[in-house]
Amino acid sequence: MEYDNTNRVGLFQPRGDKKIIFDGKLNVDGTDVNALVVRATSKDGTPYRNLYINAGPIYANEDKAKDTIPDIGGTVQLLGMAKRIGLYWKDYIDRVTNETKQMLTGSLREVNTDYLNGANDSGRNEYRDAKNGTTPQITEAEATQTQPKKEDLNDEIPF
């Protein structure tokens with residue numbers, strides 16, 4: 001049986017010399033994206049550069065109430081989808097140097113969208129609007145509905 005790595009995370013301390021050489025923004029189809037260029041060297045000594053795109057902020061959980069709460073977590077955008085990431089510090093033995101090092105291990109999961117289940121027929125949801133600080137906008141279907149025509153006033157009284 002093969003191990004399933006789907007939505008698993010394993011982050012290790014960098015091997016070799018890696019250095020951030022540029023930090024800035026890319027504009028992708030009108031949207032600014034934070035990015036880094038990192039200079040590194042492959043195992044055979046060949047220098048190369050990688051472009052890293054910012055997926056979103058992650059935060060250290062300073063006040064963990066129990067061990068099941070991740071050490072680091074947040075919501076990130078990966079491949080156009082919002083995911084929750086939960087990471088835990090873990091010690092491991094480096095096979096090459098026999099040194100004890102730390103890594104981050106954890107998982108990715110879907111962002112909870114249960115609050116959307118209460119949306120009414122027009123697609124509006126008071127919870128979502130309050131959370132986002134938005135006021136409901138008139139939908140295109142509502143704007144194109146035929147409005148009742150005001151009949152011309154007839155001041156003649158038929159007696």
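Author: A strand is a DSSP run of at least two residues, and strands are numbered from the N terminus; two strands pair if DSSP finds at least two bridges between them. Please note that this model is predicted. With these terms, E2 and E3 form a hairpin with 2 residues between them. Asp 29, in the turn, has a positive phi of about 50°.

Reader: How many bridges join E2 to strand E3?

Author: In general, strands of a sheet pair through backbone hydrogen bonds, either parallel or antiparallel. Here E2 and strand E3 (residues 31-41) run antiparallel and are joined by 9 bridges. Lys 19 stands opposite Arg 39 in E3.

Reader: How many buried residues does E2 have among its 10 residues?

Author: A residue counts as buried under 20% relative accessible area and as exposed over 50%, with partly exposed in between. In E2 the count of buried residues is 0, and the strand is hardly covered. Leu 26, found in strand E2, is partly exposed because its relative accessible area is 30%.

Reader: Which residues form a nonpolar patch on the surface?

Author: Leu 26, Val 28, Leu 51 and Ile 53 form the patch, with about 330 Å² of accessible area together. Strand E2 (19-28) and strand E4 (47-53) are the elements that give two or more residues to this nonpolar patch.

Reader: What is the order of the strands in the open sheet?

Author: The open sheet has 5 strands in the order E1-E8-E7-E6-E5, with antiparallel pairing. Its edge strands are E1 (8-12) and E5 (59-60), each of which pairs on one side only. E1 pairs with strand E8 (residues 100-110) over 5 bridges in the antiparallel sense, and Val 9 stands opposite Gly 106 in E8.

Reader: How many salt bridges does the structure hold?

Author: A salt bridge requires a side-chain nitrogen of Lys or Arg within 4 Å of a carboxyl oxygen of Asp or Glu. The structure holds 3 of them. In one, the side chains of Glu 110 and Lys 83 meet at 2.6 Å, N to O. Glu 110 lies in strand E8 and Lys 83 in strand E7 (residues 81-93), so this pair ties together parts that are 27 residues apart in sequence.

Reader: Is Asp 71, which forms a salt bridge with Lys 64, buried or exposed?

Author: Asp 71 counts as buried because its relative accessibility is 17%, whereas Lys 64 is partly exposed at 29%. The closest N and O atoms of this pair are 2.8 Å apart. Lys 101 and Asp 94 also meet in a salt bridge, at 3.1 Å, N to O, and both residues are buried.

Technical notes
Residues numbered from 1 in each chain as written. Predicted model: local features only at pLDDT ≥ 70, side-chain atom pairs only at ≥ 80, totals over all residues. Heavy atoms only, no water. Patch = residues over 30% accessible without salt bridge, like charges linked within 9 Å, V, L, I, M, F, W, Y side chains within 5 Å. Areas by Shrake-Rupley, 256 points an atom, 1.4 Å probe, with all protein chains shown as cover. Helix = DSSP H or I, 4+ residues; strand = E, 2+ residues; numbered from the N terminus. Buried < 20%, exposed > 50% of the residue type's maximum accessible area, 1.4 Å probe, protein only.
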